[in-house]
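Please open the model in your viewer and keep the selection panel at hand. The stops below go from the whole chain to single residues.

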Amino acid sequence: MLSRLDRYFEEILCTFFLCMVVGSVLMQVVLRFFFHSAAAWAEETAVYGMIFAVYLGAAMAVRDRAHIRITLLVSRLPRSLQICSVVLADALWLGFLIFMIVQTVTYTQLLFQVTYQTPGLGIEQRWVQMFIPIAFCLMLFRMLQVYWRWRADNWKGLPL
């Protein structure tokens, strides 16, 4: 069960949020075209669904090592330099993730000091914004998981 959750967590949530985007936009088109009215919450739902899907897709790409890399150059280096270049790039990515976690947590804490409701949905903005530091923490977890699995595999290959 945990292995399935580990493998499909991001895919399931991405699928849900993208379906939410499609459903909201489709409903908005039908309402505007046929009934000449609109739902106030549909555009916000589509925007937040897309934002959530993008961040979850980024976490999925970290897990699958699918972010853009210049592997042609890395593959032509000696093994020790291959490992060094991949680990250096990942260390920079790790530093960026930690920086973003700190900054987004700070921003989210500021939102707890004010009351700001989303205009269409009428929910507190802080609850929506909390997803972003959670997504960066998920990316950090997936990055550490890649290296944990590489170590468990006796450092075979590259952590790609």
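Predicted model: local features only at pLDDT ≥ 70, side-chain atom pairs only at ≥ 80, totals over all residues.

The tour begins with the basis of the numbers and then moves from selection to selection.

Residues are numbered from 1 along each chain as its sequence is written.

**Whole chain.** Show the cartoon: there are six helices and zero strands (DSSP runs, H or I of at least four residues for helices and E of at least two for strands, numbered from the N terminus). The radius of gyration is 20 Å, well over the 15 Å from the globule rule for 160 residues, so the chain is more spread out than a compact globule. That radius is taken over C-alpha atoms, and the rule is 2.2 Å times the number of residues to the power 0.38. Along the principal axes, the C-alpha atoms fill a box of roughly 65 × 40 × 35 Å. Of the 160 residues, 33% count as buried (under 20% relative accessible area, with exposed over 50% and partly exposed in between; 1.4 Å probe, protein chains only).

**Core.** Select F17, F52, L56, L97, F131, F136 and M139, which touch the most other members of the 21-residue largest nonpolar core. Such a core is a set of buried Ala, Val, Leu, Ile, Met, Phe, Trp, Tyr and Cys residues joined through side-chain atoms within 4.5 Å. At least two core residues come from each of α1 (2-35), α2 (42-64), α4 (79-111) and α6 (131-152). The most come from α6, which gives eight. Now centre on L97: leaving aside neighbours within four places in sequence, L97 is in contact with F136, M139 and L140 (contact means heavy atoms within 4.5 Å).

**S24.** Next, go to helix α1 and pick S24. Is S24 buried or exposed? S24 is buried, at 5% relative accessible area. Apart from neighbours within four places in sequence, S24 is in contact with W41, A42, T45 and A46.

**Positive phi.** Select R65 in the loop between α2 and α3 (71-75). R65 is not a glycine, yet its phi is positive, near 55°. R65 counts as buried, at 11% relative accessibility. Finish at W155, in the segment after α6. W155 also is not a glycine and has a positive phi of about 60°. With a relative accessible area of 44%, W155 is partly exposed.

Terms used. Heavy atoms only, no water.
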